[in-house]
Amino acid sequence: MTTLLDERIPRTLDSLVRDWTGNNDRGLTLEAWLFEDEAARRAAEADLAGAGIHARIRSAYKPLVHAFLEEIDTAGLKRVAIRYPVHEEADRLRFLSEAYPLAALLEGVETVFEPGPADLTYQVALEYQDGRAAEHEVFAPNRLRTNHLDQVDLTPTGWLRVTGRSDASDLDEPLETEFEQVYRKVMASVAAHEWPEAEPYAETLAIDVTIPGIERSLDYGDEVMSTREALHEDFYFSLLEFFKRRSGRPPEDRSVQPGQIVPDIRAGSADAYVRVTLRAFGEPQDPEKPDQDIETADAAPGLAQIYRELATLPGETFEGISREGRPVPGIYRAGSRPAVLVTSGQHANETSAPVGTLRAVRRLLANPDANIAYIPVENPDGYALHGRLCEANPRHMHHAARYTSRGNDLECGQGEPVYEIGARHQALALSGAQLHLNFHGYPAHEWTRPLTGYLPRGFELWTIPKGFFLIMRHHPSWSETARTLIEAVTTGLSAVPGLAAFNRRQIEICAIHSGGTPYEIINDVPCLITADERHPSPLTLITEFPDETIYGDAYRFAHTVQMATVIAAEEAYASIMARVA
């Protein structure tokens, strides 16, 4: 094991209290913005008050949402008009997105957003049922920083304002918090390391952090504000971007193989602690999970159970192998109907698809004419990693588990040995399937990267949940078939109880906070249909359910929708191909 960084970083909140309670300057007014939860901030205010300091400590993360939760009177509200900042160094919708999910939290209240100046302040006008009116200014502390790609990001930051000092030296300036320092120090340690020339550069690049922060559930869907989850996301994607740039690849590339990048961000209540190490894989170890009835599973099952369920299905077996040595099993059962390839678990933190596809394939194979090739978990290394990370942070989306242990997207791997994608190659060779049903998910709550500009670079479309989504990729000569197929599938999905209402609500709130709907909606299902020759199958239908990371009834609903999509797609495809023949 090689250690790149091992450091303890003082907690900014504790330093602030210690420094200002000890300066004997009573009567001053102090305002601060930190990446801390409300309970810790209120406790610090009480300590400062004991020293004669009038203090208000606010959240530097999503300050407008926190202002409505903590300070603004929402009882009897009739109308809210919000002017959000538009800054030249940020996406024009950045601060509108950062206000999410305020429109949902203010359900029943007319809520209007409009662009404002670049002064980093939300202007809030309130109208109440009893005729009262009020106005507020909500400061959104940000600063410009040069990032790991030598680009400039406008990023949330700590801030300190102090007035009423005896020497009249007021303060109004950024305050670099431990949240920001941890990120900066990790990125610097990785940049300073002498990496080998050949990929992968390491087996595992582990970033272990213990840090205070915000973990606050919101009263809408699966929404939660989490600075620790945001730190995981910033580390994972920033490091991928760093290694892409180092290898000379473009930002959209998914083939770079740096190795497995694993940020593990744990809750702390004192100074932050960060350790960055290069580790070997060791023997594959999967989290132990109790067996569930797959039909009613309320959380992602273990790999062992998925493999046992697969083994009960009829058909010829085949198998690939993961980078860490886990099997990638699949089955093929020939039949007289048109062949269909069904896969899930390519991005292994998207956990509703393996259960939904298992349920569907079990039903399809009850028909002796069904012609199905099936791989339930294409990325078992990522699936196991997701299970381990969820033991400490069960609700986080954990994108570290998205790609393979070599660090690349499974279908973008290059070189030998082939590893995980070899199972898909076998499935296509055995079946000759011209339709690939490739089942996925995306975050069930807001996805942010605050330390690199807030919106997740390259994934802006997926930052806010927008319901169950379909992507249809087709070879150019198959455009008519693709359109017919997706219309038939969405028609079939109309029979799934609750799906239309679920989608309408999420689309409505997403559109308010993202400036519209840049996609087609077919039978209440958001859809993207694109001509694309990258895939061997002329038709590829991709599902995207907001399932990172949900449990209970929400999880059961997710895998039921996934199941219904497999069945509807296979039936529609068989019908279309029968007409063609």
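Leucine 231 touches Phe179, Val182, Tyr183, Val209, Ile211, Ile265 and Leu451, leaving aside residues up to four places away in sequence; contact here means heavy atoms within 4.5 Å. The model is predicted: local features need pLDDT of at least 70, side-chain atom pairs count only at pLDDT 80 or more, and totals for chains, interfaces and linings use all residues. Residues are numbered from 1 along each chain as its sequence is written, and side-chain values use heavy atoms, with hydrogens and water left out.

**Nonpolar cores**

- A nonpolar core is a set of buried Ala, Val, Leu, Ile, Met, Phe, Trp, Tyr and Cys residues joined through side-chain atoms within 4.5 Å, where buried means under 20% relative accessible area, exposed over 50% and partly exposed in between, with a 1.4 Å probe and protein chains only.
- The largest nonpolar core has 92 residues, of which Phe68, Val182, Trp195, Leu205 and Leu231 touch the most other members.
- Helix H7 (residues 227–246) supplies the largest share of this core, nine residues; helices (H or I, at least four residues) and strands (E, at least two) are DSSP runs numbered from the N terminus.
- A second, separate core holds 60 residues, including Ala300, Val342, Cys527 and Ala564.
- In soluble globular proteins, nonpolar side chains tend to be buried together.

**The nine-stranded sheet**

- Nine strands form an open sheet of mixed pairing, in the order E17-E18-E20-E19-E21-E25-E22-E24-E23; two strands pair if DSSP finds at least two bridges between them.
- E17 and strand E23 (520–522) are the edge strands, each pairing on one side only.
- On average, neighbouring strands of this sheet are turned by 25 degrees against each other, direction ignored.
- Strand E22 (residues 469–474) and strand E25 (residues 539–548) run antiparallel and are joined by six bridges, with histidine 474 having leucine 539 in E25 as its bridge partner.
- Helix H12 (residues 479–493) packs on the sheet and touches strand E21 (435–443), E22, E23, strand E24 (525–531) and E25, its direction making about 160 degrees with that of E22; axes are lines fitted to C-alpha atoms, for helices over the stretch in contact, and angles run from 0 to 180 degrees between N-to-C directions.

**The four-stranded sheet**

- Another open sheet consists of four strands in the order E5-E4-E6-E7, again with mixed pairing.
- Strand E5 (110–115) and strand E7 (133–139) stand at the edges with a single partner strand each, so one side of each has no neighbour in the sheet.
- Strand E4 (residues 77–84) pairs with E5 in the parallel sense over six bridges, and isoleucine 82 stands opposite phenylalanine 113 in E5.

**Salt bridges**

- A salt bridge is a side-chain nitrogen of Lys or Arg within 4 Å of a carboxyl oxygen of Asp or Glu, and the count by this rule comes to 56.
- Glutamate 98 and arginine 94 meet in a salt bridge (2.8 Å, N to O); both residues are buried and lie in helix H4 (residues 94–98), four residues apart.
- Aspartate 381 forms a salt bridge with arginine 326, the closest N and O atoms being 2.9 Å apart.
- Aspartate 381 lies in helix H10 (residues 380–390) and arginine 326 in the loop between strand E17 (316–321) and strand E18 (327–333), so the pair ties together parts that are 55 residues apart in sequence.
- Aspartate 381 is buried at 0% relative accessible area, and arginine 326 is buried at 4%.
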